[in-house]
Amino acid sequence: MPSLIDNGSSTLLMENEIKDKRSNPKKKSKDEITPNKRQLRSETVKTDVIANEMELSSPKKWKSPRRCINDSPNTITKEICKTFESKTVISSRKNLCEKFMEKPKWDLNDPEQMNAVKEVLHLSTAPSAIVCREEEQMLVLDFCKACVEEEKAGSLYVCGCPGTGKTLSMEKVKQLLVGWVEEDGFQLPDVLTLNCTTLTNTREIFSKILQIYQPHKKTGGALSPLQQLQKLFSMKKQSSDKRMMLIIADELDYLITKDRVVLHDLFMLTTLPFSRCILIGIANAIDLADRFLPKLQSLNCKPILVTFRAYSKDQILKILQQRLMDLPYDVFQPQALELCARKVAAASGDMRKALCVCRSAIEMLEAELKDTSTKFLEENSSLKQSITPTEKLLKEQEISIVKVDHMAVALSRTFKSGTVDTIQSLPQHQQMILCSVVKLFRGGKKDTTVGEMNRYYTDICKSALVPPTGSSDFTDMCKVLCDQGLIKLGQSREDKLKRVTLKVDEADITFALQGIRFFRNCLQ
């Protein structure tokens, strides 16, 4: 036993010397150590011997290295974690304070702030920047640039669902084109922007074009405005300083007549040999050129097509945040805006609908604030207590932002209607017929036949593995939907040739059925 202790002490001495040399290379050698130092080392040897005896008598349990690191509450790692956590808490509190300092709370009782919020969310207010449509804008702008550079006429057709930013994007393109022309030294084109719904007569559009092209010449005479334009664009160039002309015609489908002559003549102006017109037509129907301008396709003069797709959830959220960014205070909870974007994107993707829902949610907040303040006054008057200004302010600050509850009520009021309840209470096959109608009219169609609708209905049934009904039962179900006021059936001797038009909004049908996965798949 003594020999074991001696061997252990000698090995410990050697290990200690090696450690000392590594940690302090400038340490004195063994010969230079003073007697006092030797005495201290001998004392350490004694303590080491006692420690080794205790280790030999009671063997130490094995511990995981991971547990050993954090074994003591005062280890270095724990102290680092504590300091890091304290710094993180302080920095996060500091950031929160800075945010609240930058964006103060919204004062609902201030009429100026309320008007500013409502104005930002109004449909007539143009946003400071048009986001999520940069790709479509560049396509139209490149087309206009090419026409101006080559002094060549051309036509372009912009289509898409309502509320997808078509009109706003064309206004932005017009601004960008003017800036590019001035920067590159080209001649500034004449610009005519009009909404076709404001025209008293469909042929009035030609007189407006002629007034811009020849402002000092009277439009009267033997020739009509259209004939004068055709004559001008068929002659050789009279002067090299004649400007190009940009025509932006919004709501172009209002020019569709029974004989389709006006719409055809308008696009034909860009095909004449010396025409200087750049025509941009805007409408909702995707297949307008195919249905109403078949001659243009045969002449290889079909307009270029640019489609604006419905906004997604992320795009709607980004546009709402961009509009609210100009306000110096927070109005909506982020979760409330996300709920609005998700619901509107699922129903129609119409940005105008999203703005209406946000304004409705603000009205919900106003009504709640009035009710709360009235109840607060009644409670204190019954208790005969005086209300201090601080108590009143604290009570009002509890309702100072649009929350998820307000947005949910606004969404239900916007989309939830008698029509939605009626659609949700219909039998399954009648709901599937409405799905087929929505898919048929999604491309901009406004009417169809019972026979075509039956083919779409049968395809939906086959894809869903549901046996379809017979043709007679299908006609009866269409009559029931007509009686419910959801569709309108025209007159015809044969049932399959009857014209069908939708009497309700497509968004109501989508909103009513989107909660069921079966119909959600049918509508895709």
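K302 lies in the loop between α12 (294-298) and β5 (304-308); helices (H or I, at least four residues) and strands (E, at least two) are DSSP runs numbered from the N terminus. With a relative accessible area of 41%, K302 is partly exposed. On this scale buried means under 20% relative accessible area, exposed over 50%, and partly exposed in between, with a 1.4 Å probe and protein chains only. Not counting residues up to four places away in sequence, K302 touches A289, D290, L296 and Q297, where contact means heavy atoms within 4.5 Å. K302 and Y157 are 145 residues apart in sequence, and their C-alpha atoms are 9.4 Å apart in space.

The model is predicted: local features need pLDDT of at least 70 and side-chain atom pairs count only at pLDDT 80 or more, while totals for chains, interfaces and linings use all residues. Residues are numbered from 1 along each chain as its sequence is written, and side-chain values use heavy atoms, with hydrogens and water left out.

**Chain totals**

The chain contains 23 helices and eight strands. Of its 524 residues, 35% are buried. Among contacts with a separation of 6 or more, 75% come from residues 24 or more positions apart.

**Positive phi values**

E151 has a phi near 50°, a positive value in a residue other than glycine. This residue is in the loop between α6 (134-150) and β1 (154-160), and its relative accessible area of 40% makes E151 partly exposed. E251 is placed in the loop between β3 (245-250) and α10, and counts as partly exposed at 27% relative accessibility.

**Helices α8 and α10**

Helix α8 (residues 204-213) and helix α10 (residues 261-268) have axes that come within 10 Å and cross at roughly 25°. Axes here are lines fitted to C-alpha atoms, for helices over the stretch in contact, and angles run from 0 to 180 degrees between N-to-C directions. The crossing therefore makes α8 roughly parallel to α10; angles under 35 degrees count as roughly parallel, over 145 as roughly antiparallel, 65 to 115 as roughly perpendicular and the rest as oblique. On the α8 side the contact is made by I205, F206 and I209, and on the α10 side by V262, D265 and L266. Five of these contact residues are nonpolar, none is polar and one is charged. In that division Ala, Val, Leu, Ile, Met, Phe, Trp, Tyr, Cys and Pro count as nonpolar, Asp, Glu, Lys and Arg as charged, and the others, Gly among them, as polar.

**Aromatic rings**

There are four aromatic pairs in the structure. Rings of Phe, Tyr and Trp (its six-membered ring) pair if their centres lie within 6.5 Å; planes under 30 degrees apart count as stacked, over 60 as edge-to-face and the rest as tilted. Two of the pairs are tabulated.

| Pair | Centre to centre | Angle between planes | Class |
|---|---|---|---|
| W180 and F186 | 5.0 Å | 20° | stacked |
| F518 and F519 | 5.1 Å | 80° | edge-to-face |

W180 is buried, at a relative accessible area of 10%, whereas F186 is partly exposed at 32%. F518 counts as partly exposed at 24% relative accessibility, and F519 as buried at 4%.

A charge also sits over a ring: the charged end of R133 is over the ring of Y311, 4.3 Å from its centre. The criterion is NZ of Lys or CZ of Arg within 6 Å of the ring centre and within 35 degrees of the ring normal.

**Helix α22 and L523**

Helix α22 (residues 506-513) is mostly covered, with seven of its eight residues buried. The buried residues are A507, D508, I509, T510, F511, A512 and L513. They pack against α14 (334-347), α17 (404-415), α18 (418-424), α19 (428-441), β8 (499-502) and α23 (517-523).

L523 is located in helix α23 and counts as buried at 8% relative accessibility. Leaving aside neighbours within four places in sequence, L523 is in contact with C435, V438, K439, R442, T510 and L513. L523 and L513 are ten residues apart in sequence and 8.9 Å apart in space, C-alpha to C-alpha.
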